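Subject: Structure for you to look over

Dear colleague,

Here is the structure I promised to pass on, together with its sequence. My notes follow below it, grouped by topic.

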Amino acid sequence: MNQRRHLLQTAAGCVASALAAPWPLAALAQAGGVSPDAVLRQYGALVHAAYGDSLAGGQTLQTAVQAFVAAPAADTLAAARRAWLAARDAYGQTEAFRFYGGPIDDDKGPEGRLNSWPLDEAYIDAVQGKPNAGLVNDPRIVISKANLARLNEKGGEENIAAGWHAIEFLLWGQDQSETGPGARSFEDFVDGKAPNAARRRQYLAVVSELLVDDLRYLVVAWAPGARNYRARFEAGGLESLRKMIVGLGSLSRGELAGERMEVALNTQDQEDEHSCFSDNTHRDIVANALGIENVWLGRLKRVDGSELQGPSLRDLVAARDATLAARATQQMAASVAAARAIQAPFDREIIGGKDAPGRQRMQKTIDSLVQQSKDLVDAAAAIGITRLSLVNPK
């Protein structure tokens, strides 16, 4: 996690991490007939399924990228872009599984390679005014998965070499339009049409393969019936329930409402837009809000249309305080609805005075996310979890 995000989350977080459990697990189970262990097992199933969908999307993206680099053309580039957008939607819902030191963002986790931003485009490739910039245009750099992983964030937090946004930049190019996304030509990947086209093709293929590797790592970490992180998590009792709530609260307040929305609203700067090259930030926000709601409800609508539904945090909280559980559920639904109302392109929604319609839509979503983070703190207390930390919990 880069320092910029860490500082914002620290400001939004609560006091030092600790756990108090006046309601032991047995008492929680007896209170409403919902077993905490069943909630943890459902969470494990949900996480594995969501990462499975994300991996499948990443593999489809990789296939589309391979077709594009084999035959660069307008139609193959458009297909690769569509695959990125679809895969991105599935991944966005998985961000509710972050922020508690799990496989995605512990010391060995791949999150920094998968989703770091903002990205300095010139670290990867040529940009306007810098035709020779970037790793693509430096023949001394061997383009390999190991090298891109090593070079990611080397020398600066914005020196992003891999992940969703590196691929996004390569597919769309810089966004220099006020009304649409970047408009990179497929000819940037055609020999004789642009310098280092072969290296650009190689970079795109390799970084897509690295993305798939990192997503597969997460699927394995949460696979059922194995001696892995999922097995330890499901046996973690109240501490694992705490981690679930910490993940939801951290994404709600520090990351989504804070870093991804408030910062851009305050600066009105396109550089603070999450998926700025594709103009997909409005969908990122919806996917994140939906991911939070999914965990709270113990449900997931999968890409193939099937649904998972089972014991949930809401059920546990309702056994102790039905009114609070209903209020939190309603608030999360309101957050998803408010997020869906944000219009594309995001970099136009943030422009203007306080009364600008786009800024009002943004503020309504932020306010709802902030309130739901407070509801989550109350929900944690209802099941015996207090003194939450929303920053780097151990």
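The side chains of Arg98 and Glu111 meet in a salt bridge, with 3.3 Å from N to O. This pair ties together distant parts of the chain, since Arg98 sits in the loop between α4 and α5 whereas Glu111 belongs to helix α5, 13 residues apart. Both partners, Arg98 and Glu111, are buried. Please keep in mind throughout that this is a predicted model.

Asp188 forms a salt bridge with Arg184, where the closest N and O atoms are 2.9 Å apart. The two ends of that bridge fall on either side of the 20% limit for a buried residue: Asp188 has a relative accessible area of 24% and is therefore partly exposed, while Arg184 has 10% relative accessibility and so counts as buried. In the other case Glu293 pairs with Arg299, the closest N and O atoms being 2.7 Å apart, and Glu293 counts as buried because its relative accessibility is 11%. Some bridges also share partners, and in this way Glu95, Arg98, Asp105, Glu111, Glu255 and Arg260 are joined into one network, to which both residues of the Arg98 and Glu111 pair belong.

Asn196 lies in the loop between α8 (164-172) and α9 (197-221), and at 32% relative accessibility Asn196 counts as partly exposed.

Helix α8 itself deserves a look, as it is mostly covered, with nine of its nine residues buried. Trp164, His165, Ala166, Ile167, Glu168, Phe169, Leu170, Leu171 and Trp172 are the residues concerned, and what covers them includes α3 (36-70), α4 (74-92), α5, α6 and α9. Just after α8 comes Gly173, with a positive phi of about 75 degrees.

Finally, there are two cis peptide bonds to check when you go through the backbone. One runs from Trp117 to Pro118, with omega near -10 degrees, and Pro118 lies in the loop between α5 (111-115) and α6 (121-124). The other runs from Ala344 to Pro345, with omega near 0 degrees, and Pro345 is found in the loop between α14 (322-341) and α15 (346-349).

With best wishes

Key: Residues are numbered from 1 along each chain as its sequence is written. This is a predicted model: local features need pLDDT of at least 70, side-chain atom pairs count only at pLDDT 80 or more; totals for chains, interfaces and linings use all residues. Side-chain values use heavy atoms; hydrogens and water are left out. Helices (H or I, at least four residues) and strands (E, at least two) are DSSP runs, numbered from the N terminus. Buried means under 20% relative accessible area, exposed over 50%, partly exposed in between (1.4 Å probe, protein chains only). Contact means heavy atoms within 4.5 Å. A salt bridge is a side-chain nitrogen of Lys or Arg within 4 Å of a carboxyl oxygen of Asp or Glu.
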